[in-house]
Amino acid sequence: MSDLSKIPVTVITGFLGAGKTTLIRHLMTNANGRRLAVLVNEFGTVGVDGDILRSCAIPDCPVENIVELANGCICCTVADDFIPTIEALMALPERPDHILIETSGLALPKPLLKAFDWPAIRSKITVDGVIALADAEAVAAGTFASDVHAVDEQRKADESLDHDTPLSEVFEDQISCADIILMSKADLAGPDGLAKARAVIEAESPRQIPILEMSEGVIDPNVVLGLDAKAEDDLAARPSHHDGHDDHEHDDFETIVVPMPEIEDAADLVAAIEKLANEQHILRVKGYVAVKGKPMRLLVQAVGARVRHQFDRPWGSDPRHGALVVIAEHDHVDPAAIHAALGA
């Protein structure tokens with residue numbers, strides 16, 4: 001790659017827990033000779049996703065090429081965080097061949113694409129493509145409503161009505177901005193679920209684009225990298241609910257960090273998280289906890305009442321201080337009840 005050529009950037013977006021980190025892990029370990037750099041945008045102060053990716057660094061994507069932004073949604077902190085980080089990645093001693101950006105689950109991709117027109121970087125990088133992950137099982141189950149189109153028509157007919165939840169608007173903006181949509185967790189959704197999810201996605205997409213099935217983050221890198229979409233020059237074809245607004249807000253969501261003491265049993269924590277999801281409509285829980293008598297750190301990631309956990313690495317000399325990030329819509333956040341439910 002010559003110094004005059006632009007570095008391609010793939011923006012990987014998707015709703016909370018759709019599998020973005022799992023996909024990036026797969027791309028890292030199947031780079032096919034590409035030297036990768038990864039920018040991870042956490043929503044909260046516990047660096048779960050960045051830590052996971054750093055733990056699987058390889059020569060084609062060394063630890064120093066994996067950078068984490070934890071100061072808020074990437075599309076809201078462009079000047080303060082995104083531009084300087086991109087400049088730092090481009091200035092690495094060994095220039096990356098390709099940059100992967102994992103947005104937070106709440107990020108809107110279009111404001112981020114606009115940042116690629118900033119004078120400091122516009123001649124040096126280009127958006128190779130926007131990959132949107134959609135949790136096929138959740139979409140099929142009606143998380144974003146199976147009659148989204150009908151609801152949208154109602155909204156258009158009467159401007160005093162707004163039947164879209166904040167979550168569905170995020171979902172729709174991500175779908176509308178994508179060059180490829182990956183229906184993740186295809187194995188969990190089953191044939192009927194995949195068909196339902198595909199119908200919802202097709203109804204939301206403003207143009208015909210590939211919709212592919214994916215399980216456990218496995219997809220041929222040649223399918224999602226090297227698209228040469230130049231998405232920053234194609235914004236008009238990527239409509240957003242926030243077109244015409246200089247800024248957008250995430251006030252509909254609230255994130256709290258719950259410090260966690262050592263726990264006796266992982267099963268009890270799983271049950272507590274499931275109860276939180278069902279009774280307080282918690283959207284996402286992720287973080288690390290220490291289990292008494294266990295030398296390994298317990299990684300916890302939950303989407304609604306679906307909880308996944310595993311021991312990921314030894315604590316070693318690190319203090320056995322756990323913490324969980326909890327995300328919910330603003331009206332459903334009761335910090336005291338959440339702390340009590342988690343035993344914090």
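Modeller: In this predicted model, buried means under 20% relative accessible area, and exposed means over 50%.

Biologist: Is Lys185 buried or exposed?

Modeller: Lys185 sits in the loop between strand E6 (180-184) and helix H8 (186-204). Its relative accessibility is 12%. The cut-off for burial is under 20%, so Lys185 counts as buried.

Biologist: Which residues is Lys185 in contact with, leaving aside its neighbours within four places in sequence?

Modeller: Contact here takes heavy atoms within 4.5 Å. With those neighbours set aside, Lys185 touches Gly17, Ala18, Gly19, Asp135, Met214, Ser215 and Arg306.

Biologist: What span should helix H10 have, and how far apart are its end C-alpha atoms?

Modeller: H10 covers residues 266-280, which is 15 residues.

Biologist: Where on H10 do the buried residues lie?

Modeller: The buried residues are Ala266, Leu269, Val270, Ala272, Ile273, Leu276, Ala277 and Gln280. Around the axis they cover an arc of only 160°, so they lie on the same side of H10.

Biologist: Which exposed residues does the face turned away from the buried side carry?

Modeller: Exposed means over 50% relative accessible area. On that face of H10, the exposed residues are Asp268, Asn278 and Glu279.

Biologist: Which backbone nitrogen does a side-chain oxygen of Asp265 reach?

Modeller: This contact is at the start of H10. The oxygen comes to within 3.1 Å of the backbone nitrogen of Ala267.

Biologist: Which residue lies over the face of Tyr288?

Modeller: The distance from the ring centre is 3.4 Å. The residue over the face of Tyr288 is Arg297.

Definitions and conventions
Residues numbered from 1 in each chain as written. Predicted model: local features only at pLDDT ≥ 70, side-chain atom pairs only at ≥ 80, totals over all residues. Heavy atoms only, no water. Lys NZ or Arg CZ within 6 Å of the ring centre and 35° of its normal. Helix = DSSP H or I, 4+ residues; strand = E, 2+ residues; numbered from the N terminus. Expected span 1.5 Å × (residues − 1). Buried < 20%, exposed > 50% of the residue type's maximum accessible area, 1.4 Å probe, protein only. Arc of directions from axis to C-beta. Polar contact = N/O pair within 3.5 Å; in protein donor to acceptor, adjacent residues only side chain to side chain.
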